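Student: I am new to this structure. Can we go through it piece by piece?

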Amino acid sequence: MDFSAVSSALKTIGELTQQVTSLLGVDDQLESLERELRWMQSFLKLADARTIDNEVIRTTVAEIRELAYDTEDVIETFALKVASKRNGGFSNCIKRSACFLKEACLLHQTRSEIKKVTGRIDELTRRLKTYDAAMLGTNQGEGPSSSTERREARRPFPHKMDDNIVGMEGDIEKLVSVLVEEGSESRVVSICGMGDRRGHLHELQCLSDEHSWDLFQKIAFPQTGPTELTSSKPSNINLLAERGTWQAKLIQLWVAEGFVSSNQEERDGGEIAEDVAERYLMELVERCMVQVRKRDFKIKTIQMHDLMRDLCVKKAEQESLVFIVDQSNASSLSTIPKVRRVSSHKFFWIQCINCPNLRSLLFFDEFIPEEAFIKLFPQTTMNYVKDHVDKVLNPLLWISIISMYGVLFCVVLPKMLGVWRHICNNFRLLRVLDYEGGTAERGGKLSNDIGNLIHLRFLSLKGLQLMWKLPSSLGDLSCLQTLDIRIDQLVHVPNVIWRIEQLRHLYLPMNCNSKTKLKLATLINLQTLVNFNPESCYIADLINMTNLRELVILGLNQPEEDPMSTLQQLPNLRALKFLAGSANKIFCSAQGFPKLESLEFKRFYGLEELNVDEGAMPCLRRFVINNCSGLEVVPDGLRFITTLQELKIKSMPKAFKDRAEEGGEDFYKVQHVPSIIFHQCYIMQSMRSDTS
């Protein structure tokens with residue numbers, strides 16, 4: 001069953017009652033609505049536990065989902081309008097009086113909308129009472145009743161072929177008749193492959209669609225039928241195309257969408273939403289529904305078989321979870337009521353759609369492909385420049401080039417800015433805005449209207465260009481959990497990120513201009529911080545990030561105060577990567593980095609000394625030394641780290657490799673490591689591992 005819509009609506013009601021104190025009568029209606037939603041949630045769980053699947057229940061689930069979505073729309077629209085009315089504070093009493101009058105009208109409108117939703121719930125309840133016996137009869141069986149039992153039902157299992165035979169009854173009978181045939185000397189039968197003329201050949205036939213689906217269900221959902229995980233599979237599973245998807249990003253999208261949360265029944269002590277999502281994903285991997293494409297000490301990227309993806313896309317479209325759009329069907333979006341999620345796999349001008357209820361907008365194609373970009377320029381002028389580019393003294397050539405720049409700044413960039421403005425002003429209920437195109441992308445200037453998207457949980461601008469400066473209104477996105485601004489050029493980032501206190505995952509640009517100086521001490525919920533640069537950020541701010549799990553540091557030079565004294569105190573840090581630094585000495589003290597599992601130094605040309613005290617990094621599993629040409633000896637302290645499973649030495653001098661390999665002077669320090677990998681150490685060679 002799809003619990004996510006109802007759970008998300010309940011969460012939204014809770015957040016609204018906390019944030020908006022002056023509800024003036026709407027609070028009673030919200031409490032009533034919350035009780036109804038909890039009843040619907042219980043109904044879904046009961047139907048799911050009894051594994052009921054018929055037309056009545058499917059229709060009911062679809063109606064409940066739409067009711068939950070509509071409830072959320074009403075509440076978030078109310079919150080959005082209240083936020084816009086209250087901008088500017090209480091400084092002007094006359095304006096505030098007018099604002100109160102507008103809020104009164106807004107509350108009346110909201111009460112009317114809630115009354116419509118509750119009326120639909122009453123009608124649904126009446127019909128459910130009529131069909132209750134047919135849907136929830138006791139003869140169906142209760143199924144797993146507790147979260148522990150449901151989790152147990154989802155654990156990995158051995159593939160017992162005897163239990164998973166489908167559509168082969170006739171074939172089995174034929175084989176049995178051959179094996180028991182009296183007078184036959186053959187007792188061996190070839191099942192597949194080329195037949196033996198002296199024996200018997202039985203060629204298996206392809207299963208029908210019905211039998212194929214039956215077999216899939218037996219393998220994916222053994223014994224207990226579809227589980228809570230897979231039956232409410234997030235629509236973002238469609239991200240798993242053939243090219244592969246980053247595991248971390250998929251998890252962040254699931255959390256942003258509200259498909260998983262830390263207060264679910266499955267939660268164990270200390271388990272956060274990302275842990276729940278990762279566990280769900282691992283269950284999909286273990287059931288062979290998702291394939292691992294790349295891993296180091298943990299899964300990095302995943303993909304989905306094309307047939308499995310087609311199945312998921314079909315299911316998502318049937319349940320109106322997502323609309324996959326391209327140039328051929330973009331115009332039809334305007335005729336589809338209440339589209340919630342749009343996945344753009346081919347470029348189209350976003351201005352052609354208007355879906356105010358849109359929650360997720362994902363771009364998989366280029367933001368503006370080259371062919372569409374070129375069409376914005378006068379073709380005659382472009383052809384002239386192309387034909388005369390070698391005639392540098394031709395004044396008409398330069399006039400044409402200048403005119404093209406005029407078109408760029410007066411036509412093209414405003415056109416791209418119009419794309420952003422349309423998104424920010426027409427899709428104000430957006431929770432997910434994700435760009436996943438290629439590199440070197442044309443994205444124009446990000447509109448300051450981005451601050452209108454106050455419900456946004458996930459924002460990714462990775463790979464976009466032409467954004468010389470990000471707007472300060474980014475700081476208004478108070479609900480944001482993931483912010484990825486890894487823009488492929490020098491960019492100015494305003495000092496407003498500290499205001500987004502709910503931020504959990506932050507990816508900064510690799511190249512910020514000299515004016516950028518970010519204060520991040522307030523981001524105590526951060527779990528991921530990538531491209532942290534001491535030149536544009538403050539090392540001291542890291543000490544407050546006690547929930548930080550992954551950290552990538554750029555350009556670590558030799559400061560007056562050793563940053564390692566701060567970093568090694570982070571209690572939950574799992575992965576640490578130093579990228580492109582010039583510090584010549586690094587020290588890891590005893591008891592430092594208590595939970596660190598992966599440590600990497602890359603392009604640290606000046607690093608000469610790496611000291612690791614006994615007792616440091618007691619959980620380290622993976623250590624990478626990559627292109628640190630100044631380091632001449634293997635760190636002595638590695639011999640104390642008994643948990644180390646993989647040592648990867650890449651792009652290092654041959655002399656360093658000779659010391660670290662078996663028979664070398666430093667081999668005794670790492671002889672306990674099961675996998676030692678050498679890669680591009682002038683001579684390609686690996687030892688005790690066939691992978692790189």
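Student: Where in the chain is Cys288 found?

Tutor: This model is predicted. Look past the end of helix 10, which covers 273–286.

Student: What is the phi of Cys288?

Tutor: Cys288 is not a glycine, yet its phi is positive. Cys288 follows helix 10. The value is about 65°.

Student: Is Cys288 buried or exposed?

Tutor: The relative accessible area of Cys288 is 56%. A residue counts as exposed over 50%. Therefore Cys288 is exposed.

Student: And Met617, is that residue buried or exposed?

Tutor: Met617 has a positive phi too, near 50°, and is a residue other than glycine. Its place is the loop between strand 18 (609–612) and strand 19 (622–626). The relative accessible area of Met617 is 1%, and under 20% means buried. So Met617 is buried.

Student: How far apart are the end C-alpha atoms of helix 10?

Tutor: Helix 10 has 14 residues. At 1.5 Å a residue, they should span 20 Å. The model agrees with that, because the end C-alpha atoms are apart by 20 Å.

Student: How many residues of helix 10 are buried?

Tutor: Among the buried ones are Ala273, Glu274, Tyr280 and Leu284. Helix 10 is largely enclosed by the rest of the structure. That is because, of its 14 residues, the number buried is 11.

Student: Which residue just after helix 9 takes a positive phi?

Tutor: Helix 9 spans residues 247–257 and is mostly covered, with 10 of its 11 residues buried. Trp254 and Glu257 are among those buried residues. Just after helix 9 comes a positive phi of about 90°, and it belongs to Gly258.

Student: Which residues of strand 5 are buried on each side?

Tutor: Strand 5 takes in residues 341–344, and both of its faces are covered. Arg341 and Ser343 are buried on one side.

Student: How many bridges join strand 5 to strand 6?

Tutor: Strand 5 also pairs with strand 4 (residues 323–325), through 3 bridges, and those two run parallel. Strand 6 covers residues 360–363 and runs parallel to strand 5. The number of bridges between strand 5 and strand 6 is 4.

Student: What is the bridge partner of Ser344 in strand 6?

Tutor: Ser344 is in strand 5, opposite Val325. In strand 6, Ser344 has the bridge partner Phe363.

Student: Is Ser360 buried or exposed?

Tutor: Ser360 lies in strand 6. Leaving aside neighbours within four places in sequence, its contacts include Glu257, Arg341 and Val432. Its relative accessibility is 0%, so Ser360 counts as buried.

Student: Which residues touch the most other members of the largest nonpolar core?

Tutor: That core has 93 residues. Helix 14 (residues 395–426) gives the most to this core, with 4 residues. Beyond its neighbours within four places in sequence, Ile497 is in contact with residues including Leu483, Leu508 and Leu523. The residues that touch the most other members are Leu433 and Ile497.

Student: How many residues are in the second, separate core?

Tutor: Nonpolar side chains tend to be buried together in soluble globular proteins. Here the second core includes Val260, Ala277, Val285 and Cys312. Ala277 and Val285 are also among the buried residues of helix 10. This separate core has 20 residues.

Student: How many disulfides does a search of the whole structure find?

Tutor: Take two cysteines as examples. Cys424 is buried, because its relative accessibility is 0%. Cys681 is buried as well, with a relative accessible area of 1%. A disulfide needs two cysteine sulfur atoms within 2.5 Å. The number found in the whole structure is 0.

Student: What share of the residues in the chain is buried?

Tutor: The chain has 17 helices and 21 strands. Its accessible surface is about 34,100 Å², with 52% belonging to carbon and sulfur atoms. Of its 692 residues, the buried share is 48%.

Conventions: Residues numbered from 1 in each chain as written. Predicted model: local features only at pLDDT ≥ 70, side-chain atom pairs only at ≥ 80, totals over all residues. Heavy atoms only, no water. Buried < 20%, exposed > 50% of the residue type's maximum accessible area, 1.4 Å probe, protein only. Pairing = 2+ DSSP bridges. Areas by Shrake-Rupley, 256 points an atom, 1.4 Å probe, with all protein chains shown as cover. Expected span 1.5 Å × (residues − 1). Core = buried A, V, L, I, M, F, W, Y, C linked by side-chain atoms within 4.5 Å. Contact = heavy atoms within 4.5 Å.
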